[in-house]
Amino acid sequence: MILMGFDPGLGTTGWGVIAADGNRLSHIANGQIKTEPSMELSRRLSLLHSALAEVIRGYRPEAAAVEEVLGNSNAQSTLKLGQARGVVLLSAALAEVSVGEYHPSVVKKAVVGTGGAEKRQVQAMVQVLLPGAKLAGPDAADALAVAITHAHHLATARAMRRIVA
C-alpha cells in the first residue's frame, strides 16, 4: 500500500511517501513545497495546491495522512497554518484519496515512543524506520513520520477487524 504523509505549513509543507507491506515499511520519496512570504496569500495557497496535486498525481497513494494544527500564541500564524492544512485536505479530496488526521503528540508517540519527543528525535527515528531515506528537510521528515503513524494505525485497524470477524 502506498501512503502519503503531510506536514502542512504556508511557508513550507512537507510531504513523504512510503510503501507499507504488513509491518514492513519502505521509503519511496519525500520533499518540501515552499512558498514565498512576499506573495499574496491567495497566490501562495494556489501554488501550494498545484504542487500538492502534482505530487499526489505522481505517486498515486491509496491513503494519506496529515498532521493536525497545533495552536500557538500567535493567532495569525495558527490561521495561516490552518489555511495551508485546508489546501492539503482539499488536494487529497480532489484526488479521491482518504485522509487520516493525527495530533502531533500522537505522531511523536507512534514514531519515537513518547508524545513529548523533540523534532530531532523524530528525524532520527524516521531514519531508523526508513533506512536509506535521504530527508529533504525537517518538514519532510515530519511528513514521513505522519505517514508511518498512519501505516501503524491502518495495520492495527485491519488486525482488529480480523479479530472481530
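Guide: Helices (H or I, at least four residues) and strands (E, at least two) are DSSP runs, numbered from the N terminus. Asp-139 has its place in helix α5, residues 138-164. The model is predicted, so local features need pLDDT of at least 70 and side-chain atom pairs count only at pLDDT 80 or more, while totals for chains, interfaces and linings use all residues. Residues are numbered from 1 along each chain as its sequence is written, and side-chain values use heavy atoms, with hydrogens and water left out.

An unreviewed UniProt entry carries the annotation "binding site" for Asp-7 and Asp-139. These two positions are spread over 133 residues of sequence, yet they cluster in space, with a largest C-alpha distance of 6.1 Å. UniProt positions follow the numbering used here, feature names are shortened, and annotations may be inferred rather than shown by experiment.

Asp-139 counts as buried because its relative accessibility is 19%; the classes are buried under 20%, exposed over 50% and partly exposed in between, with a 1.4 Å probe and protein chains only. Leaving aside neighbours within four places in sequence, Asp-139 is in contact (heavy atoms within 4.5 Å) with Asp-7, Thr-12, Gly-14 and Gln-32.

Asp-7 belongs to strand β1, residues 2-7. Asp-7 has a relative accessible area of 6% and is therefore buried. With residues up to four places away in sequence not counted, Asp-7 touches Thr-12, Thr-13, Gly-14, Glu-67, Asp-139, Asp-142 and Ala-143.

Strand β1 is part of an open, mixed sheet of five strands in the order β3-β2-β1-β4-β5; two strands pair if DSSP finds at least two bridges between them. Strands β1 and β2 (residues 12-21) run antiparallel and are joined by six bridges. Gly-5 stands opposite Gly-16 of β2.

One aromatic pair is found in the whole structure: Trp-15 and Tyr-59, tilted, with 5.7 Å centre to centre and 40 degrees between the planes. Because Trp-15 lies in β2 and Tyr-59 in helix α1 (residues 41-59), the pair ties together parts 44 residues apart in sequence. Rings of Phe, Tyr and Trp (its six-membered ring) pair if their centres lie within 6.5 Å; planes under 30 degrees apart count as stacked, over 60 as edge-to-face and the rest as tilted. Tyr-59 is partly exposed, at 33% relative accessible area.
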